[in-house]
Amino acid sequence: MNIKKYLNNIESLANRNIALSGATSGIGYQLAKHLLCKNASLILLARNPKKVNDTINKLKEIYPNSNIDYVIYDQSSFLSIEKGIDELINKNIDIDTIILNAGVLTKKGRSKEDYPLTFGVNYLGVRHFIEYYASKVNRKTRFVIQGSIVAGLSIPKNYDSKSNKYTSLTQYNVSKIYLEAYIHYLYINNIYPNYEFIISEPGVSGTNIISDLPSIIRILGRPAMKVIFQSPKKSSLTALIGVTNQAKNGDLITPRGLFTIYGYPKIKRFPLKRERKYLFEKE
């Protein structure tokens, strides 16, 4: 089966209003194309006005009759997240699904709350989005959260989330471990009864997320990823399924191939070993 044929079997998303972060490149951009192909209306959440306008222009060339808007939003800043959500609410659009896809993998920089940028964006930024949005919006909403295969790994002993001593890969792994455990914790405890939470994992894809790794890894890794693993176009299908009626509250969607690193989407239940309730019960 090719991707075009796969998309033909996906239900129409006409009359669906979907907010999507991280759509200016990689998996997020391909996901935006899939959503528009199925006639969804999009609001892109992005921190760079020029990039998001360029992205909208590119998408409009492919889907000239599409309905696309945007909100400026920086996931590394709680204040920017709140301003973005306030603007989103002020648009008076009934958003039924929010896809939080944006993420980083870097050793450089810190969030506005003074955490390493990777942990601050991938976990704390998503968490703050959900908690602030819930304080403002009480209607039925589905959240599709972009997780990662690395969420099955272990957290380093005595991990210090404020420290910058860890490698970028370790920070990325831990951010996704915390993120998936947090999303599942919201689901199993029914913290927000009007919200649905679905985790999607794209598998391993040849995206630009490795651009901040050491040069030797970039040089060797990018071609290997593109040859061995699947394209962003295919990797984005797991989040697409998260939007549809095939997915239900609490689902985990991964590629169906070997070690869930490639393949078309498969819907699962969240693994017990990843729950890590202790991370949140002590709060």
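**Exercise 1. Find which residue of E3 is the bridge partner of leucine 44.**

Solution. In E3, leucine 44 has tyrosine 70 as its bridge partner. Strands here are DSSP runs of E with at least two residues, helices are runs of H or I with at least four, and both are numbered from the N terminus. Next, look at the whole pair: E2 and E3 (residues 68-72) run parallel and are joined by five bridges, where pairing takes at least two DSSP bridges. Then follow the chain from E2 through helix H3 (residues 49-62) to E3, a right-handed β-α-β crossover. Right-handed means that, with the strands pointing away from the viewer, the path from the first strand over the helix to the second runs clockwise.

A word on the model: it is predicted, with local features needing pLDDT of at least 70 and side-chain atom pairs counting only at pLDDT 80 or more, while totals for chains, interfaces and linings use all residues. Residues are numbered from 1 along each chain as its sequence is written, and side-chain values use heavy atoms, leaving out hydrogens and water.

**Exercise 2. Work out why strand E2 is largely enclosed.**

Solution. Start with one side, where Ser41, Ile43 and Leu45 are buried (under 20% relative accessible area, with exposed over 50% and partly exposed in between; 1.4 Å probe, protein chains only).
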